[in-house]
Amino acid sequence: MGDMKSALAILALFLSVSACDHGLEPPDFSGTGTILGTIEYVGEWPSPENLQDLRFVGMRFVPRDTSDFLQLNLMAISPGLKKNVTFDEFRVDEVTTGLYLYSGIAQKFDSDLLSWRPVGLYTNDAGVFSVAPNQTTEIHIRVDFDNLPVFPPTQ
Amino acid sequence: MMRFAVILWLMFLSGDIAAQSLKGRVISDDGAPIPGANVLVEGTTFGASANVDGRFEITKLPVGTVVVRISSVGFYSDRVTLVFAADEHKEVEWTLKEKVFESDEVVVTASRREQPALSVPVSVSIVSAEELSRRNVISLDDALRSVSGVQVLDNQINIRGSSGFAYNTGSRVLMMLDGRPLLTADSDGIPLEALPSSQIERIEVLKGPGSALYGSGALGGVINVITKDFPDTPTTTVRTFAGTWEPVRYQTWRQGWKHGEEFRPFWGLSASYAQKQSPKFGWWGNFTFRRDSGYMELSGRDVFHGFGKATWRPKPAYKLDVLLGLMAKQQDAFIFWSSARDVLSPGRVSFGDPPKPNSSPNGAPDNFVKQISFLPSFTHFLNAQWFYEIKARVFGSLVQPIDDQTGELKNLSEGTVGFRYGAEGQLNWFPQPATRLVFGVSRDAITTESSFFTTSDGDALGGQPEVALFSHLEQELTEDLQLVGGLRYDHYQVDNATTETRLSPKLSLAYTWVPGQVVRVAWGHGFRVPSFAERFTDDREFLPIVRNLDLRPERSQSIELGIRGAIPLGGLLSWDFSAFHNTYSGFIEPRLVLAEQAFQFINLPNATIDGAEIQLEWQDESERLKINAGYTFLDSKEDATGEDLPFRARHQFVTSLDSKIWRTITGGLDFRFASQPDRVESDFARFIPDAEITGDTRVLDLRLSGSKGPFEVAVIVNNALEYYYVERPALLGAPRRYTLRLTYRK
């Protein structure tokens with residue numbers, strides 16, 4: 001019976017020490033914002049087979065190569081945009097707040113997962129904009145299909 | 001001459017076997033009888049147990065030389081060589097020397113035969129039937145979480161850091177049922193849920209490579225589920241359990257799922273019947289159904305599985321065993337969470353597109369799985385020195401996706417149908433009492449058709465036929481020194497143009513330096529052939545994955561030094577300490593391969609895992625209190641970079657306590673701790689929010705049970721501390737749950 005009491009005492013001590021820590025917790029939430037954009041297109045549009053998709057992509061990092069297009073956690077992506085127009089608008093809601101360092105319009109030119117390239121970049125303020133909680137950030141992007149941005153970008 | 005030989009053979013089978021007999025008495029040093037002492041003729045099924053007076057009798061012995069082994073728990077066993085002439089009846093008296101301290105546990109996994117756990121020359125942990133029952137174990141992962149040096153990451157078993165986490169596409173641990181591999185036809189994964197829980201005698205966990213004995217898959221270790229013998233009186237066990245998952249404590253997590261505020265139920269029913277109907281025939285059957293609504297959205301499952309075993313001995317020298325297993329499972333496979341703020345909802349990976357109406361998140365694909373296992377074996381005892389075994393195995397798998405919109409099963413052409421089949425022959429020769437030799441040959445192949453797999457030659461059927469030759473030697477060099485050696489040669493065909501070969505040696509020594517204390521040293525190789533899924537998966541539905549025909553086998557090499565023993569300390573304290581150095585090359589893991597613009601399973605560079613493990617077990621003299629504890633230290637490094645291997649916990653600790661509280665009421669606890677992995681690297685984290693999050697694991701399970709007559713009732717609280725952890729990237733570990741269990745056993 002003495003052994004039993006000792007064991008229960010150890011258990012009680014252990015439980016009292018351990019019961020306060022519950023491990024993983026939900027991380028703090030800093031809110032979300034909205035990106036509202038306008039796009040101006042100039043130059044000759046790509047052929048339909050080379051224009052499988054077109055979207056606004058805002059990145060919270062500067063990509064090093066095409067593999068970074070899979071960093072979906074650090075990107076805000078719009079639904080598909082209109083094609084063969086001279087002007088378009090987009091809206092992306094529930095966007096993670098913070099600085100967006102490299103953003104623009106991306107063209108999917110082939111069926112492969114990583115066959116994306118930028119066709120126009122946000123260039124104001126050195127290409128950086130900020131999204132604040134419950135705020136709307138407005139940006140403008142110019143796309144010149146005859147003069148595409150260099151990718152990967154030079155740092 | 002030929003006819004003469006046939007007549008002699010028939011005489012041997014029908015006449016001489018019946019005429020000779022042996023009777024006598026087994027006593028201890030002080031002359032007291034030893035009831036229950038076992039007297040067995042080695043290499044045969046002839047044997048008897050001593051009665052209360054220590055007396056026994058064995059009839060129908062063969063003419064010639066036989067080796068008789070006399071053993072009893074708590075005594076040193078003895079061997080005696082006897083020569084029988086025709087119609088000779090011998091009468092003997094044997095004295096066994098009493099042991100001061102020794103466990104009566106036995107294991108078979110270390111050398112394909114039953115031997116005392118104390119003297120095996122490798123690290124083996126045992127989970128007993130009693131422990132399984134106490135913990136309400138209904139799937140194998142539940143049983144293994146409390147074993148020292150073993151971590152279960154989702155469905156992947158990780159022995160001493162051998163596995164990390166590799167997306168459940170292939171297991172680096174070989175699972176066996178009564179010494180026969182239990183596999184699936186596509187991924188070589190371990191069917192953790194198919195466990196005949198009421199008929200398990202024990203589970204043996206061999207830590208370290210076991211390929212010299214068991215071939216591919218035994219890279220990091222072997223798990224062998226040993227089923228019970230047939231009882232002399234019919235035994236029925238019916239068990240039902242029901243319980244609930246408690247809602248998680250954080251409102252942020254609960255609000256992400258409409259059922260997050262609810263207690264989520266689970267229940268199950270298991271029935272088992274076992275009977276030895278005659279000395280020649282025995283059987284048992286076991287079925288289990290379980291329904292779990294799941295603690296996360298789209299994580300529910302219905303599982304039915306049944307197992308049956310029958311043994312027929314038409315003559316003492318012949319034995320036919322058949323094991324049959326069936327499983328049907330409908331499940332939502334929760335793969336990854338939505339985010340660390342919404343851990344109960346499966347995530348979606350998309351490139352900005354809104355989800356299709358009524359579609360499931362792609363973090364939880366639905367499917368219906370059916371599996372069958374058929375494992376017959378035949379044993380023939382030729383004489384006291386020779387016997388052979390022929391074993392066959394057939395595994396079938398059928399996986400059908402479920403349509404998100406209609407809930408109906410999709411066409412089988414969109415799923416997987418696979419068969420894995422094989423056979424092996426094993427010849428056992430005991431030329432002398434101190435020498436045992438085993439030779440064998442085995443052949444396996446896979447036939448799988450799947451919308452996910454594309455073979456190299458475009459043929460939808462066929463894959464990776466494999467042939468192996470193996471040998472095994474046990475030699476007692478002196479009374480205290482045992483040598484075990486083995487060599488296995490495997491040859492398998494990747495496709496029509498490519499073959500692979502592998503040679504797996506092992507060598508170990510066990511030395512009893514004082515009674516009850518054994519020092520061991522073991523060296524061995526392991527390997528694992530890439531699974532069908534790893535080599536041939538070619539699919540773009542959820543993620544782009546391309547096949548890799550250049551995958552090579554994973555290889556491992558292990559050196560271990562250990563000591564095992566027991567001393568009296570207010571009861572009995574037994575311990576096992578080991579230090580090990582393991583090297584691995586060619587780990588197979590998925591990576592994003594830019595050249596392929598897709599994920600692909602590739603071989604990674606070499607790695608080293610050094611470590612040490614200590615296991616302690618103490619039981620008081622009155623056997624009212626039992627405490628187990630095990631600590632494992634792992635230092636894992638990639639050789640090229642010096643970085644830690646991902647998903648390996650540097651420190652692991654498990655402990656359990658069981659006590660008889662009052663009359664038939666018992667209580668107990670299990671606690672397991674694993675430190676936060678020093679490194680988490682996952683291509684998952686590129687597109688799944690917060691997949692890089694990790695932390696310590698600290699889980700406490702409590703239980704209380706009582707019995708009256710054939711009935712037993714138990715209450716179990718799992719994760720009583722309500723500690724939240726990630727089981728593997730982007731998957732919340734099981735939160736607190738409560739279980740009430742009723743058992744009827746007669």
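**Entry 1: strand S3 of chain B and its sheet**

I started with B:Val39, whose bridge partner in S3(B) is B:Ala48. This is a predicted model, so I kept its limits in mind: local features need pLDDT of at least 70, side-chain atom pairs count only at pLDDT 80 or more, and totals for chains, interfaces and linings use all residues. Residues are numbered from 1 along each chain as its sequence is written, while chains are lettered from A and ligands numbered from 1 in the order in which they are written.

Strand S2 of chain B (residues 38-41) and S3(B) run antiparallel and are joined by three bridges. I count two strands as paired if DSSP finds at least two bridges between them. The strands themselves are DSSP runs (E, at least two residues), as are helices (H or I, at least four), numbered from the N terminus.

Which order do the strands of this open sheet take? I read S3-S2-S5-S6 in chain B, four strands with antiparallel pairing. S3 (47-49) and S6 (78-84) of chain B are the edges, each with a single partner strand, so one side of each has no neighbour in the sheet. From one strand to the next the twist averages 20°; axes here are lines fitted to C-alpha atoms (for helices over the stretch in contact), with angles from 0 to 180 degrees between N-to-C directions.

**Entry 2: domains of chain B**

I looked up the domain assignment, which is automatic or from a database: chain B has domain 1 (2-96) and domain 2 (106-745). Their contact takes 13 residues from domain 1 and 10 residues from domain 2 of chain B, where contact means C-beta atoms, placed from the backbone, within 7 Å. On the domain 1 side of chain B, the largest share comes from S5(B), with three residues.

S29 (residues 481-493) and S30 (residues 499-514) of chain B pair in the antiparallel sense over 13 bridges. I found B:Gly486 opposite B:Lys506 in S30(B). S30(B) also pairs with strand S31 (residues 517-528) of chain B, antiparallel over eight bridges; there B:Tyr511 has B:Val519 as its bridge partner. S30(B) and S31(B) make a hairpin with two residues between them, and B:Gly516 in the turn has a positive phi of about 85°.

**Entry 3: cores**

Next I went for the largest nonpolar core, which has 48 residues. Such a core is a set of buried Ala, Val, Leu, Ile, Met, Phe, Trp, Tyr and Cys residues joined through C-beta atoms within 7 Å; buried means 20 or more other C-beta atoms within 10 Å of the residue's own, with C-beta atoms placed from the backbone. Among the members that touch the most others are B:Leu144, B:Met176 and B:Val225. Strand S13 of chain B (residues 173-177) gives the most to this core, five residues.

What does B:Val225 contact, leaving aside its neighbours within four places in sequence? I got B:Met176, B:Leu177, B:Leu195, B:Ile200 and B:Ile203. A second, separate core of 29 residues includes B:Trp257, B:Met296, B:Phe671 and B:Ala691.

**Entry 4: chain A and its partner**

Chain A has one helix and nine strands. Of its 155 residues, 22% are buried. Among chain A contacts between residues at least 6 apart in sequence, 72% join residues at least 24 apart.

I then checked the interface: 25 residues of chain A are in contact with 34 residues of chain B. Helix H1 of chain A (residues 2-18) gives the largest share of the chain A side, five residues.

Key. Contact = placed C-beta atoms within 7 Å. Buried ≥ 20, exposed ≤ 12 C-beta atoms within 10 Å, placed from the backbone.
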